[in-house]
Amino acid sequence: MKQKIFSAALAAAMLAGILSGCSGGLVNNVNDGTVNDNLDQTEFNIMGGISALSSGYDNNEVIAALQESAGIHITWETMSDSLAEQVNIRITGGQLPDAFMGVGFSNYDLARYGDDGTFLDLVPYLTPDIMPNLCAILEDHPEIRAAITMEDGGIYGLPSGEQMTTAGIGAPMDEAFSIFSVPQYSMINKAWLDDLGLEVPTSLDELHDVLKAFKDNDMSAKYYGNAPGSTLPMTTGFDEWCWGQNIFYAGFGFTNWPNDVINDIHLKSDGTVEFVCASDAYRDCLTYFHDWYAEGLMDVEMFSQSDSQLIAKCQQGYVGVSTWWYIEELMGEYAEDYVFLPPLTGPKGTPYEDTCGVTIRPGSPISSGQLNITNKCQSPINLLKFFDQWYSGETVMQLQYGPIGVFFTGQDDKGMWLSITEEEAQAKYGKSAGEVRNTYETMGPKLILAEYYNEIFYMEDRAIERLTDLDQFWMPYVEDTTFYPVDCVFTGMEMETIDWHKADFESAVKEQEGLWLRDGGPTDAEWEKYKEYLSTKCGMDDLLQVYQDAYDRYSAAE
Amino acid sequence: MRKASGMSDRTSQIILTVICAIVLLIVAYPLYYVVVASFSDPYEVYAGKTFLLPSGFTLDGYKGVFLNDGIVSGFLNSVKYTIVGTIFSVVMLYITAYPLAQKDLPGRKALSVFFLFTMYFAGGLVPTYLVVKQTGLVGSMWSLFLPGGVGVGNMIIVRNYFQNSIPHDLVEASEIDGCSKLRTFFSVVIPLSMPILAVMVVFSMVAYWNDWFTALIYLGGKGPPLPLVMRNILIKSSATASQAATISGGYAELNKLTELLKFCSMIVAALPMLVIYPFVQKYFEKGFMAGAVKG
């Protein structure tokens with residue numbers, strides 16, 4: 001009896017908790033399609049993210065000048081960490097600022113907060129009177145407008161994105177590829193190869209023999225004089241962004257880069273979407289690489305190590321083959337001994353003998369979660385006029401790097417702005433150029449278009465170097481340049497499906513991938529069970545349908 | 001016969017000493033390793049090159065920590081929060097646990113359930129924040145103590161101690177001798193409960209010293225305690241490293257500092273507690289098990 005009363009009390013308490021969690025959702029909906037022409041408010045309160053290294057927006061002369069010319073004043077409430085918790089607290093508690101900046105709301109959040117009227121729909125305000133710069137950009141780039149328009153037709157935030165592409169090094173604009181296209185550059189120790197009289201491998205079989213030779217001859221000890229047995233023939237991370245093993249899967253016709261859409265997605269050139277993690281090639285691939293792992297050619301720590309640990313190993317000269325964003329950074333003082341290891345063809349005597357299928361990773365998306373005006377704002381027009389100034393090349397350049405006169409020192413004869421050199425920065429400010437930039441960098445709706453790199457300022461040297469490598473060395477290995485567009489727009493229902501299944505799906509696939517690599521590829525029964533599991537428990541079929549539908553609408557619109 | 005047993009005594013002594021030494025090594029080496037790592041080049045640490053002595057000796061990590069402006073004020077803030085918080089929490093523990101230990105307290109069962117309930121169900125971050133906000137505590141140091149002032153787990157330990165380890169007869173005797181309830185509490189109960197008091201002081205002290213999340217959420221950046229200052233140094237450094245990936249120079253080089261700072265801040269933050277611990281330890285062993293067994 002006592003227990004019954006207790007559990008009843010419990011149930012009541014829990015119910016009360018649920019109910020109180022639901023109340024308070026009634027906000028005055030401002031999105032009726034009309035322009036609020038109130039111009040009275042000139043003091044605004046903006047909450048948002050800031051780089052931990054920034055010296056604050058109050059001291060930022062670029063932002064100060066923009067405020068002055070718009071005739072408004074902004075009180076900043078910025079934080080560099082635990083932003084999401086604090087923003088959620090404020091939205092739930094109804095204590096809204098006039099706008100959020102640099103928060104990075106997902107499309108799912110945007111649709112939700114747009115729908116309940118927390119965020120202002122900007123469609124009526126996107127006119128040449130209020131936002132001349134942005135309107136001009138959207139006119140030239142309808143794809144940007146498409147990317148920020150939600151399924152209900154609303155636009156709940158201003159666009160941002162960085163289009164760092166091969167266009168910046170002279171490729172035609174419509175054939176340009178993002179700097180993220182091939183995130184992992186594989187590299188091999190050429191000095192060890194020469195020492196053993198071996199060639200740079202062109203197929204996985206050859207690489208296998210090379211790695212075996214590295215291991216058998218203990219090249220780290222023999223060539224660099226490290227401790228005996230320290231040689232790691234090959235070490236990488238596991239499904240990591242620029243330091244994973246995925247580039248080696250090219251021999252089986254796919255490279256399942258971790259990406260912003262959903263991992264393991266692949267768009268075939270005929271426009272059908274598939275998940276490579278359910279394909280036979282994937283199965284054969286894991287079965288094949290398990291042998292490498294079992295022979296000790298792949299590092300046993302590949303599943304657990306952090307990037308710091310990978311760098312540590314490489315900079316000691318222990319490593320034969322690895323992957324990273326650049327060679328120099330990973331290999332440190334041994335960098336000169338390394339060369340790019342090109343994508344390799346599949347094993348001999350299998351259907352993959354001539355296969356070398358590097359697929360492209362989608363670039364970074366255009367987001368509209370970096371500047372969102374809330375229903376609290378009395379005079380959106382004043383605020384939007386301020387932000388419209390951000391959509392000019394020279395302004396956004398200064399918001400990204402630093403003011404003209406500080407970070408940018410002058411213009412060359414083509415009218416391109418020149419950035420401060422390391423020596424000048426050290427002499428003038430006693431800091432590195434990177435540190436100067438860090439104190440000024442602003443987080444917010446910065447839209448850096450690919451053409452700015454040809455018209456307004458130069459890309460950083462290292463970006464140019466990487467893009468050149470991408471263009472010259474890696475892209476020739478890419479036969480099929482289709483990739484799933486990162487700017488696809490999803491309906492509310494579709495976003496629910498993605499939100500519900502994506503995390504489970506990705507983690508289930510990754511976990512099983514690791515197990516098969518470590519313990520040996522699947523038997524027929526295990527393989528069927530795995531596919532069954534993905535379909536029934538992780539919503540693979542639903543996800544596939546969602547991504548296919550969204551792509552079909554996207555390509556129809558183009 | 002006698003001799004043989006003496007031998008076996010000595011043998012077991014030796015075996016015990018050896019076992020204890022091994023246990024000591026197992027426990028102490030990781031701590032020692034962190035100290036060594038805080039003076040070493042992190043990439044050499046990760047490559048497994050450090051064992052007993054630092055490899056690639058460097059003081060950059062400590063430089064990074066101590067050259068930060070916030071470190072002294074963070075330390076002072078932490079001391080303040082720890083002292084005030086510990087006093088507050090221990091007082092709250094005593095004034096809740098003692099009444100609940102009295103068998104003749106009306107509604108004792110219901111009150112116990114009321115406290116126990118909070119061990120299993122919490123309001124969650126957002127609702128708790130809203131309560132703290134509406135009570136006007138956000139930004140004040142009391143927001144660190146008031147919401148979680150009574151640690152229910154600790155309170156139950158103290159209550160059990162009162163029930164089981166302080167003879168009821170003593171309390172009765174003092175009352176017969178004319179003590180008021182309050183006098184009994186102050187002159188009999190508190191002196192008799194010193195061991196558990198020491199344990200509670202240490203528990204609260206460690207908890208307040210290490211706490212950064214409450215401060216992060218409620219203080220709104222005003223008067224950050226030491227762990228929060230450390231955390232900011234670390235975040236700053238890793239942000240430099242990740243931004244350096246796209247500009248001038250090296251992620252690898254700056255990431256090194258981040259890794260080093262992790263070891264150094266561990267040492268700096270743990271040191272004060274390590275210094276205080278031995279002084280309260282003598283009470284600790286007595287009090288730790290006391291009250292743990294429910295009577």
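## Helix 13 of chain A and its cover

Strand 1 (43-49), helix 2 (61-70), strand 2 (73-79), strand 3 (99-101), helix 5 (132-140) and strand 11 (371-373) of chain A are included in what covers the buried residues of helix 13 of chain A. This is a predicted model. Helix 13 spans residues 380-388. Eight of its nine residues are buried, so the helix is largely enclosed by the rest of the structure.

The buried residues of helix 13 are Pro380(A), Ile381(A), Asn382(A), Leu383(A), Leu384(A), Phe386(A), Phe387(A) and Asp388(A).

## Nonpolar cores

The largest nonpolar core holds 160 residues. Phe289(A), Tyr484(A) and Tyr547(A) have the most contacts inside it. Helix 10 (residues 280-294) of chain A gives the most to this core, with eight residues. In soluble globular proteins, nonpolar side chains tend to be buried together.

Glu494(A) sits in helix 19 (residues 492-519) of chain A. The residue counts as buried because its relative accessible area is 8%, under the 20% cut-off. Its side chain reaches the backbone nitrogen of Thr491(A) at 3.0 Å.

Beyond its neighbours within four places in sequence, Glu494(A) is in contact with Val489(A), Val546(A), Asp549(A), Ala550(A) and Arg553(A).

## A nonpolar patch on chain B

Ile14(B), Ile15(B), Val18(B), Ile19(B), Ile22(B), Val23(B), Ile26(B) and Val27(B) make a nonpolar surface patch of about 730 Å². One of them, Ile15(B), lies in helix 1 (residues 2-37) of chain B. Ile15(B) counts as partly exposed because its relative accessibility is 47%.

## Gly56(B) in a loop

Gly56(B) is found in the loop between helix 2 (42-46) and helix 3 (60-66) of chain B. Gly56(B) is partly exposed, with a relative accessible area of 40%. Not counting residues up to four places away in sequence, Gly56(B) touches Phe39(B), Ser40(B), Asp41(B) and Glu44(B).

Ile276(B) is 220 residues from Gly56(B) along the chain. The C-alpha atoms of the two residues are separated by 32 Å.

How values were computed: Residues numbered from 1 in each chain as written. Chains lettered and ligands numbered in written order. Predicted model: local features only at pLDDT ≥ 70, side-chain atom pairs only at ≥ 80, totals over all residues. Heavy atoms only, no water. Helix = DSSP H or I, 4+ residues; strand = E, 2+ residues; numbered from the N terminus. Buried < 20%, exposed > 50% of the residue type's maximum accessible area, 1.4 Å probe, protein only. Polar contact = N/O pair within 3.5 Å; in protein donor to acceptor, adjacent residues only side chain to side chain. Contact = heavy atoms within 4.5 Å. Core = buried A, V, L, I, M, F, W, Y, C linked by side-chain atoms within 4.5 Å. Patch = residues over 30% accessible without salt bridge, like charges linked within 9 Å, V, L, I, M, F, W, Y side chains within 5 Å. Areas by Shrake-Rupley, 256 points an atom, 1.4 Å probe, with all protein chains shown as cover. Salt bridge = Lys/Arg side-chain N within 4 Å of Asp/Glu carboxyl O.
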